[in-house]
Amino acid sequence: MKLCAKKILARCLCIFFILNFLLLISCDRIESSHIEEALGTVCLVSLFEQGKKSVYKNIFSRIQEIEKLMSVNILSSDISRINAAAGKTPINVHEDLFYVIEKAKYFAQLSEGAFDPTVGPLVSLWGIGKNSHIPSQEEIENLLPLINWRNIELDASAYTVFLKLEGMALDLGAIAKGYAADEAVRIAKQAGVTRGIIDLGGNVFVFGEKKDKTLWKVGIQNPNERRGDAIGFLQTTEKTIVTSGIYERYFEENGKSYHHIFDPFQGYPAQNGLLSVTVITDNSMNADALSTAVFVLGYKAGSALIKTLPGTDAVFIFEDKSIKTTAGVNFTIMDDSFYFAEE
Ligand code: FAD
Ligand code: MG
C-alpha cells in the first residue's frame, strides 16, 4: 500500500515536471518581432533567428532599465538627481550612466560643443512637444552661460558627476537611445540570435547577415512626408543607421517652424538648410551623438568631421531637396522630387 502511494507520488511528480517543461517551452516560443513604447518613442525589435520570447523580454527590460537611469522625465532617475544637485554636490551614479556621460563629453569635445549634453535648460525653456513657445531673447541669453559641457565634472574613481553651476541640467536625448540600441544588439547576440533589426524610434541597428546573403535595405524617413514614408533606402552590411531630423518634434508659430535640435551657442533651433542627417557606422551611441552633432555643425563642418572617422558615413538631406552623401554610402532615392547633388 505504502509502495503504491510512493509510485503514485513519483508519477505525479514526473507529470508535474513534464508539464512544467512543456509550459516553459511554450512560454519561450519564437517570435519574429515585438513592439513596445519606451524612451518616449516606439521601439521595434525584430529577431530572425532564435527570437525567443525570453530574449525580447530581456531586451525590453534592459531598455526600461536605461530609461529609469537616464530619463529627465523620471524624478528618481540618476540623471534627475545630478540635475537637482547642480552647483551643490557631486552625485554618485550607476556605472552605465557614468559611461554614457563620459561618451557625451567626448562627442561634445569632438564636435567643439555643437553636441552638448548640457542643453537641458534650453530644452525646458523651449518646451518643444510639451508647452512649446518662442522664448524671449533675454530668457535665452540668461540661460546660455549654463550650456557648457566643460562644466561637467566626472570622477571615474568614485563614479560621481557634478554640474558646476546651479541651474545646469543634463539631457541625454541625443545619445541614450543609441546606447540602448547597442545594448539590445549585445543581448540578442549573447542569446545566440544571428540576425535582426533594432529600431528605437529611428535609431536603427541591422545586425548579422540576411538569410539570402543580400544586403540589408534600410529606409530613411522622408522629411516632408508622414512617419514611415521613406525618401529612399540604404543598402548595407551590419551597421547602425541613425537620423536626426527637424520633422519629428517641432511647432509652428507665425508661419515659422521651430524644431528640437538646438545650436548650443545661439540657444535657437539649428538652421543651416538641412532637413536631416543620417549617420551610418558600427556603434549606435556614436551614431546618435554624431547625427545630432553633424546636424548642428551643418554640411561643411559636419561632413568634414565624418570624413575623419573610419567606418563612418552620412546622408545629408537639404531643404532645397538636394541630397549629399559621403563616399561609403549606397543610397537609392525613391522620391523623385529629391535629387543627388555634388559635394
Ligand atoms: P536627436 O537629434 O538624437 O536628439 C535631439 C534631442 O537631444 C533633443 O530633443 C534634445 O533633448 C537634445 N538636444 C537638442 N540639441 C542638442 C545638442 N545640440 N546637443 C545635444 N543634445 C541636444 N520623449 C518624450 O516625449 N517623453 C519621454 O518620457 C521621453 N523619455 C526619454 C527618456 C530617455 C532616456 C531618452 C533617451 C529619450 C526620451 N524621450 C522622451 C525622447 C527625447 O525627449 C528626445 O525627443 C529624443 O531622444 C530625440 O531623439 P531624436 O533621435 O529625434 O533626435
Ligand atoms: Mg542623436
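## Ligand 1 and its shell

In this predicted model, 25 residues surround ligand 1, and the closest are Gly173, Ser244, Arg249, His260 and Thr292. A residue counts as near when one of its heavy atoms lies within 4 Å of the molecule or strand in question. The shell divides into 13 nonpolar, seven polar and five charged residues. Here Ala, Val, Leu, Ile, Met, Phe, Trp, Tyr, Cys and Pro are nonpolar, Asp, Glu, Lys and Arg are charged, and the others, Gly among them, are polar.

Two helices each supply at least two shell residues: helix 7 (176-190) and helix 8 (284-297). Helix 8 gives the most, with three residues. Helices (H or I, at least four residues) and strands (E, at least two) are DSSP runs, numbered from the N terminus. Domain 1 (2-66 + 196-337) and domain 2 (69-163) each contribute at least three residues to the shell. The domain bounds come from an automatic or database domain assignment.

## Polar contacts and cover

Which residue has a polar side-chain atom 2.8 Å from an oxygen atom of ligand 1? That residue is Arg249. An N or O atom in the side chain of Asp171 lies 3.0 Å from an oxygen atom of the ligand. Leu39 uses its backbone: a polar atom there is 3.1 Å from a nitrogen atom of ligand 1. A polar contact is a pair of N or O atoms within 3.5 Å; within protein, one must be able to donate a hydrogen and the other to accept it, and residues adjacent in sequence count only if both atoms are side-chain atoms.

On its own, ligand 1 has 950 Å² of accessible area, and the protein covers 87% of that. Accessible areas come from the Shrake-Rupley method with a 1.4 Å probe; for residues, only the protein chains shown count as cover.

Nine strands form an open sheet with mixed pairing, in the order 1-2-6-7-10-13-14-15-17. Strand 1 (33-38) and strand 17 (339-340) are the edge strands, each pairing on one side only. Two strands pair if DSSP finds at least two bridges between them. Strands of a sheet pair through backbone hydrogen bonds, either parallel or antiparallel.

Strand 2 (residues 41-47) runs antiparallel to strand 6 (residues 196-200), joined by five bridges. Cys43 stands opposite Leu200 in strand 6. Further along, three bridges join strand 14 (residues 313-318) to strand 15 (residues 322-325), again antiparallel. Ile317 faces Ile323 across this pair. The hairpin has three residues between the strands, and Lys321 takes a positive phi near 75°. Strand 15 also runs parallel to strand 17, with two bridges between them. Ser322 has Tyr339 in strand 17 as its bridge partner.

An open antiparallel sheet of three strands has the order 8-9-16. Strand 8 (216-221) and strand 16 (331-333) stand at the edges with a single partner strand each, so one side of each is left without a neighbour in the sheet. Neighbouring strands are turned by 25° against each other on average, direction ignored. Axes are lines fitted to C-alpha atoms, for helices over the stretch in contact, and angles run from 0 to 180 degrees between N-to-C directions.

Six bridges join strand 8 to strand 9 (residues 230-236) in antiparallel fashion. Gly219 stands opposite Phe233 in strand 9.

## The hairpin of strands 11 and 12

Strand 11 (residues 250-253) and strand 12 (residues 256-259) run antiparallel, joined by four bridges. Tyr250 stands opposite His259 in strand 12. Two residues lie between the strands of this hairpin, where Asn254 takes a positive phi near 50°.

## Basis of the values

Residues are numbered from 1 along each chain as its sequence is written, chains are lettered from A and ligands numbered from 1 in the order in which they are written, and side-chain values use heavy atoms, with hydrogens and water left out. As the model is predicted, local features need pLDDT of at least 70 and side-chain atom pairs count only at pLDDT 80 or more, while totals for chains, interfaces and linings use all residues.
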